[in-house]
Structures are given as structure tokens and as C-alpha cells.
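Subject: Handover of a structure and its findings

Dear colleague,

Please find below the structure that I am handing over to you.

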Amino acid sequence: MTLEQQLSVLVKSAVKALYTIEVEDSQIQWQKTRPEFEGNITLVVFPFVKLARKAPAQIATEIGEWLTANGEGLVAKFNAVQGFLNLVIDDAFWIRQLQAIDTDANYGQQPDRHQLMMVEYSSPNTNKPLHLGHVRNNLLGYSIARIQEANGWKVVKTNIVNDRGIHICKSMLAWLKYGNGETPESSGKKGDHLIGDYYVRFDKEYKTQIAELMAAGKDEETAKREAPLMLEAQEMLRKWEANDPEVRALWAKMNSWVYAGFDETYQRMGVSFDKIYYESNTYLEGKSEVEKGLASGAFYRREDGSVWADLTKDGLDEKLLLRSDGTSVYMTQDIGTAKLRFQDYPIDKMVYVVGNEQEYHFKVLSILLDRLGFPFGKELVHFSYGMVELPNGKMKSREGTVVDADDLMDKMVEDAKEISKDKVNTLQGITEEEANEIARKVGLGALKYFILKVDPRKNMLFNPAESIDFNGNTGPFIQYTYARIQSVLRKAESQWTLGSLVSLDPKELALIQRLCEYPAIVRNAGENFSPAVICNYAYDLACDFNSFYHDLSILNEPDSNKRALRLLLAKNVAKVIQSALGLLGIEVPERM
RNA sequence: GGUCCGGUAGCUCAGCUGGAUAGAGCAACAGCCUUCUAAGCUGUGGGUCUCGGGUUCGAAUCCCGACCGGAUCACCA
């Protein structure tokens, strides 16, 4: 039972004994005592004022006296300030809490729910490398999966790869025309970057053709439609759909280059998937589901042959599901993918980590899946996150303003290496490999924390001109706290046990209290799908520890009981930091 | 125009299921390394929580209305 729960039982008894009134749990409000007052936890008594018909300060005092007398030794002291009853909890309670935390190897982990959650994230197109927008998506998706695991879900991480369509044909065509057989091996380029270059090349040549056609008197619409490159790309798509062996072989070859490139990026980023779906395998399934819906009357066909869903009853529009030429659209594919997934796994909750620009899409998808008889349709969660913006606005690949994921990670690790030059190299017996490994962890930690600490719903700003900080409220700050603790633990005697009761310093107490919050923080992050909640907590914990570390000596403390307590405290702070950062996908270095 | 989301210090962000004098970091300034790692610690300055109403013991937080910014409303994905 948590402290709040224990105290709530007592408060109910107190109020009943003092005023003969019953109060609901919802009327009992606890908050952390503000630092300017003495106490650990504060009861807000305003909700009782009307019932008890007394002044707030008087009620607070009376309850405080009752709790001190009948609180089974839990409440050591109290003070009442207006309607706030500040309670000082007995040191013995806190020490017991710390010991309980210490013996719990999976502290923070919630009980198994015996339910399966599938989390879809990343979902790249195979025509260009990953950029900063994908980075936010990947980091959020991975962290959400970890957080929900900690909340007792069985989680399956999944990725739907957008591997077919006109955009893929564009880079294929450009490669055929201008590539001279260039490969990742021949060029030394990562496969996804190589393909991305040809995608850009297509766009450049296409624009030239449009300009030529317009110079010859065509209007813009016509020029865009009739440009030879576009016609060729469309022809290639038709061949792809008709299983043309040559086109399929080229497609398979070029996609394999991209996958190799993506794998490298994913691995570096530290994200992974349990099951990957490919749109080329799911879009036909989607078509057949739509046909079924057509047969059951859920959808209707227009004269031109296109298939639509009428969503006007749901307050939305009409939505296209199959084009008049019978080809599928995005929505069709998502229906097919959903069907396959629910064939493959007993999914209790489906979560899509997709940017907020697709909110409408998922609102529609939810309704459509529901109409098609999928029980999970109404329950699907669109984890919608905000855009990453640059100082001059959105990232646009065509204007060359994208921040490339690989470049960014390189830059972060380089910066970390540069910053740590004077520091890490002075560590005893450090090898170059270890120094590089530290720079990798710290650089990526800085990037991940920077992105995850922002409330996912909000758009966030990234300024490439200003490098991401390594000081202050940052990942490295928290990693550093961990490394410091490890250093102390290495130097401590191997055996230390907590002897008889010691009294706690305020800094020690604040730390224990902070550690006690962790399970509730994990639950909160899970309920709100928010890695930011974990970030804020990890930062607060690190701050509390650094303050403790500065004021109180651990190894030089002469009193062996106190020394043991501080070691126990340090050890568990490190444990929780590692756990919390783990939920964010951030690794901890043993030294830095 | 309809719908959804956001607006808090010079900048980047917490706080938002109502609670005490609104918090961090960066940037600026001033201190602290013969003592467990100074990527640290301490202090100073910096606010009309966009604006106006309302709800109540109490509003950055909830409700209504403006204003500003973003997203979306495709036979794109």
C-alpha cells in the first residue's frame, strides 16, 4: 500500500471520529509539501470545510492531532497552514520504503495485464532516407512500447513499410535513366541515401520537363500531367502491378538496398521491430476487404467504378476506398494491414504512432474498421504527435531543408566526443573503444532526451545552427549522474549492510521520497502515452541526487550506518535512473 | 469557412484530472574543484501564464467568447 493509501484510511477514520462524517476518496487530496514548509506530504482540507462547518486551519490542526495520536507511528509531526495540513512522516517508514525498493529487481514494473498491445511506428517510404521527423516518430514509438511493457502489456512493435507506389517508381525510373548501374558498393553510399538521391533527381528532371512544356504553351496542370517522365513512371507502376518480371526484379533489388540502409539507421538509433509488414503484401488484402464491404452494403460504388464509404452520419465526409481504375489508396492498404495483423496476433489494443497531420485519416479508419466488423476498430489509438519544425518552418525535402537522421546522429556523437575530450581521456585506463562507446551513448542520449522531453502533442523546434546541449536539463546530465554513482559504488567496500535505524538528513529523505514516486510515474506515462513524463521524473531524480551528492559525503562518512544508507540510496537511484532512461531508449555509461 | 491542436521568462520547454509566493534549462552576471567525476553545485536578474468574461473558498489549470499560430477537410501518402 502506498503512503497516500495508508494515510487516506487514517484520514477517513479521523474525520469520522472528529466530525461524524464520511468522506469519499475523491475528497482526500494529497500533494507533496512545498519546500518552504516542514513536512513530506500535505493534506488539503478545504474539501472538508463545508461538511465540518469549521475554519480550515482548525480542521487541519484537529486532524493533525488525531493522526499524530492514532497514526500508528506513521505521522511524527504536523503543522497546519490555513487549509493545508503538512505531515512529517516518521523516518523509519522511509527507510523501510528504501529497503523494499532495493529488494525489488524490477522496481516500477506493473503487474502483468495479460493483454497484447501492438504499436505501429516508423512506417517509412522506401524512396528516401529517414529524416528528423522520422527520428521523432521512431523514438516516440519505441519509448511508448517500452513504457507500455512496464505497465504490464505484452507489446508487439510493428512497422508497415511503404514499399510500393508511384513514388517508388520515380526513383527506380531515375536510376534506370541516369544511374549508369550505380550501386551502394560502387558509390560507397548507404542504400537509402543512394535511392533518395535518385528520387531527388527525378524531381529535378521532371521540373525541367514541366518548364519546357509550359514554355511550349501548355498550362501548368497539363504540363505536370503530360511530362514524359511522369507518364513513364505511371507506366512502370502499371507494369509493377501486372507483375512484370523486369520491373519487379529492379524493384526488389533497389528496395533491398534501402532496407540495408534502414536497418543500419534503426540499429544505430536503438529501435527495433517484432514484426514488419510490407504494403506490397497488404494492399491486395485491403482490396478484398473493401469488396466484402461492398457486398455487405457498408460501401457503395459510383458510376465511374470508384468505391466510397458514406461517413456523413458520423459527421464526416464521403471517403474514397478504390479508385475508378480499381487501384487502392492509402486507406485501402491500412484496412488490409489491420486485417493481417489481427489474423497474426490476438491484439487487444492497436496503437498507431503517426503524425498529427493524419488525424482525420485515423478517425475515418476507426469507423471503417468498425463497419467492416473488426471488433478493435473503435478502440484503436492514434498516438498523434506534433511536427518537428526548423527555425524557418517545416522541413521540405525538395527544398533541401531536411535534417537527415544519419547525419544528425553522426553530429551528436562527434559533439559528444569533442566535449568529452578533456574529461573522458583523463579517466584511468580508458581505451579508445571505451571512449568511443561513451561518446556514442552520450551523443545519442542527448538527442533522444532532447526530443522525448517535449510533450508529444506539441510541435517542437529544432535549430540546426544551435547544437543540442549537453549541460542542464539534458540526457547527458542524467547519464552523468548515473556514472558518478557507479564510480562511488566501485570505490565502496564490497559488503555493506544497513544496521540499526539512523535518522535521515533532509536531502536523503527527499531522494527516498522521489524514488517512491517512480511506479506512479510509470503508470502516468502509460496512461498518457507520454515519454515526457518519464523525462521530467528522471531529471528531477538526478537533480535531487546531485544536490545530495554535493552536500553529503558517502564514502567519507565516518558513521558506518549512515554510509551504508547512503550507498543503498545511491545504488537505488542509479537503478531507477537506468530503468527510467531504459524506458526512453537511452543507454547509461558506467563512466563518462 | 467546418473540425482538431497549441499560445507560460529574451530562447527552448515543465506545470494543465483546480490548491500555498507559477518552475527548470539555455543565454547574462557573481561565487564553489589539495575532499566520493565541475557534463556538477550555489546565488542574482528576468512573468499582464495572449486578451476578456464566467464557475468557487481558491483558476496558468475548468467553461464561454475573441485574437494569434499550426494541422486537416484529395481518385496524395
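The notes below treat the RNA contacts, the salt bridges and the aromatic rings in turn.

Please note that this is a predicted model, in which local features need pLDDT of at least 70 and side-chain atom pairs count only at pLDDT 80 or more, while totals for chains, interfaces and linings use all residues. Residues are numbered from 1 along each chain as its sequence is written, chains are lettered from A and ligands numbered from 1 in the order in which they are written, and side-chain values use heavy atoms, with hydrogens and water left out.

RNA strand B

There are 64 residues around RNA strand B, and Asp304, Lys423, Asp455, Tyr480 and Tyr549 come nearest; a residue is near a strand if one of its heavy atoms lies within 4 Å of it.

Individual contacts reach several parts of the RNA. A polar side-chain atom of glutamine 31 lies 3.1 Å from a base nitrogen of RNA strand B, and a polar backbone atom of tyrosine 330 is 3.4 Å from a phosphate oxygen of RNA strand B. In the side chain of glutamate 359, an N or O atom is 3.5 Å from a sugar or linking oxygen of RNA strand B.

Salt bridges

Side chains of opposite charge can pair when their charged atoms come close. The whole structure holds 42 salt bridges (a side-chain nitrogen of Lys or Arg within 4 Å of a carboxyl oxygen of Asp or Glu). In one of them, lysine 32 meets glutamate 517, with the closest N and O atoms 2.8 Å apart. This pair links distant parts of the chain, as lysine 32 is in strand 1 (residues 29-32) and glutamate 517 in helix 18 (residues 506-527), 485 residues apart. Lysine 32 is partly exposed at 37% relative accessibility (buried means under 20% relative accessible area, exposed over 50%, partly exposed in between, with a 1.4 Å probe and protein chains only).

Glutamate 289 and lysine 339 form another salt bridge, at 3.2 Å from N to O. Glutamate 289 lies in helix 12 (residues 279-296) and lysine 339 in helix 13 (residues 330-344), 50 residues apart. Both glutamate 289 and lysine 339 are buried.

Aromatic rings

The structure holds 18 aromatic pairs (rings of Phe, Tyr and Trp, the last by its six-membered ring, with centres within 6.5 Å; planes under 30 degrees apart count as stacked, over 60 as edge-to-face and the rest as tilted). Tryptophan 175 and tryptophan 257 have ring centres 5.7 Å apart and planes at 70 degrees, so this pair is edge-to-face. Tryptophan 175 is in helix 6 and tryptophan 257 in helix 11 (residues 245-269), 82 residues apart. Both tryptophan 175 and tryptophan 257 are buried.

Yours sincerely

Methods. Polar contact = N/O pair within 3.5 Å; in protein donor to acceptor, adjacent residues only side chain to side chain. Helix = DSSP H or I, 4+ residues; strand = E, 2+ residues; numbered from the N terminus.
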